[in-house]
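User: I would like to go through this chain one point at a time. Please show the sequence and the structure before we start.

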Amino acid sequence: MNLPFYSADDVQSSVSMTDAIEAMKEAFTALSSGTAIVPTRLSLDMPDQHALHLSMPAYIAGGKYITVKLVNVHYDNPQMGLPLVNGIIVVMDAERGEPIALVEGKSVTALRTGAGSGLATELLSRKESKKAVIFGAGEQAKTQIEAISCVRELESIKVIDPLEEKILAFCKGLDPLVQPGSLQDLENADIICTVTTQEKPLFDYKQIKAGVHINAIGSYKPDTRELPTALIQNSKVYIDHLPASKVEAGNILIPISEGVYNWNKIAGELGQLVDEKIDGRSTKSDITVFNSIGNAAQDLVIAAMVYENFLNK
């Protein structure tokens, strides 16, 4: 068997961020309508390697493809100058079941995660939003910046990370409006993206302003979070997929475990918002949160686009 392999460069050249954001509408509405068949991802801890493996299958009823994304997260890699996340996506023909392609997984993850935030930002942030703050200075942060810049005309993007040299290296070569930032920038931020592997809240609820929109995408374990309890309590919270969130969304599960929040307070899934089955922001002062743990349906629609774009060349 000799399968075509589509590299990170192939992914980048074949799918624009604008197209990826549009594709997220399909992924999220499929999740909310039930046509996406996505089991809770298999998580394999490797404590001796300080690493985590994830296996994520997906299929959308009536679709052409089945995909399985295999992801390895090695937490010590960045300290050695290696990628935090490595992975690959296997694309299979849904009718015949045969494998038909391999797609580099890290690039798809970054693209679809950024695109998900781009869609949420388009639907939930104030249209006049101008200032953004990004927590994290890795590859995922780049696609967050690219995605929110596709849907809002930003004048300032501040990047916060514990390592100053990492921020400087990250900002170098990007648009001049991307600059190192600090927690003080939160008081003026219209959009905040959290893209970290931190286990405790990155900031205090009192540090943000009314009307801000937040994309929280870094936490995907039930016992870790990026957002404080008070923020969850005082926001309109939207999620990617309820069944998976009930297992993995630490930003929500921890406040629930504290006895101060419950699932009935969730505003709904992003796909329901796309389908206009639920309301989004109702006032300029609403604080909105899109809490995403990532979903294999997102990987499926992007990997399918990559395969078909090259197939049609």
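Predicted model: local features only at pLDDT ≥ 70, side-chain atom pairs only at ≥ 80, totals over all residues.

User: What radius of gyration does the chain have, against that of a compact globule?

Analyst: Of the 313 residues, 52% count as buried. Contacts between residues 24 or more positions apart make up 67% of those with a separation of 6 or more. A compact globule with 313 residues would have a radius of gyration near 20 Å, so the chain agrees with that figure at 19 Å.

User: Are α2 and α4 roughly parallel or roughly perpendicular?

Analyst: Helix α2 (residues 17–33) packs on helix α4 (residues 139–151) with the axes 10 Å apart and an angle of about 85 degrees. Angles of 65 to 115 degrees count as roughly perpendicular. Therefore α2 and α4 are roughly perpendicular.

User: How do the residues of the contact of α2 with α4 divide into nonpolar, polar and charged?

Analyst: From α2, the contact uses Met-17, Thr-18 and Ile-21. From α4, Thr-143, Glu-146, Ala-147, Cys-150 and Val-151 take part. The division is 5 nonpolar, 2 polar and 1 charged.

User: Is helix α8 mostly covered or mostly uncovered, and how many of its residues are buried?

Analyst: Helix α8 spans residues 250–257. The buried residues are Gly-250, Asn-251, Ile-252, Leu-253, Ile-254 and Pro-255. Helix α8 is mostly covered, with a buried count of 6 of its 8 residues.

User: What covers the buried residues of α8?

Analyst: The cover includes both helices and strands. Among the helices are α6 (229–233) and α7 (242–248). The strands include β12 (213–216), β13 (236–239) and β15 (288–291).

User: Which residue just after α8 takes a positive phi?

Analyst: The phi in question is about 80 degrees. The residue that takes it, just after α8, is Gly-259.

User: Is Arg-126 buried or exposed?

Analyst: Arg-126 sits in the loop between α3 (105–124) and β8 (131–135). The cut-off for buried is under 20% relative accessible area. Because its relative accessibility is 13%, Arg-126 counts as buried.

User: Which backbone oxygen does the side chain of Arg-126 reach?

Analyst: Leaving aside neighbours within four places in sequence, Arg-126 is in contact with Arg-152, Asp-190, Lys-209, Gly-211, Arg-281 and Lys-284. At 3.2 Å, the side chain of Arg-126 reaches the backbone oxygen of Gly-211.

Methods. Residues numbered from 1 in each chain as written. Heavy atoms only, no water. Helix = DSSP H or I, 4+ residues; strand = E, 2+ residues; numbered from the N terminus. Buried < 20%, exposed > 50% of the residue type's maximum accessible area, 1.4 Å probe, protein only. Polar contact = N/O pair within 3.5 Å; in protein donor to acceptor, adjacent residues only side chain to side chain. Contact = heavy atoms within 4.5 Å. Axes fitted to C-alpha atoms, helices over the stretch in contact; angles between N-to-C directions. Parallel < 35°, antiparallel > 145°, perpendicular 65-115°, else oblique. Nonpolar A, V, L, I, M, F, W, Y, C, P; charged D, E, K, R; others polar. Rg over C-alpha atoms; globule rule 2.2 N^0.38 Å.
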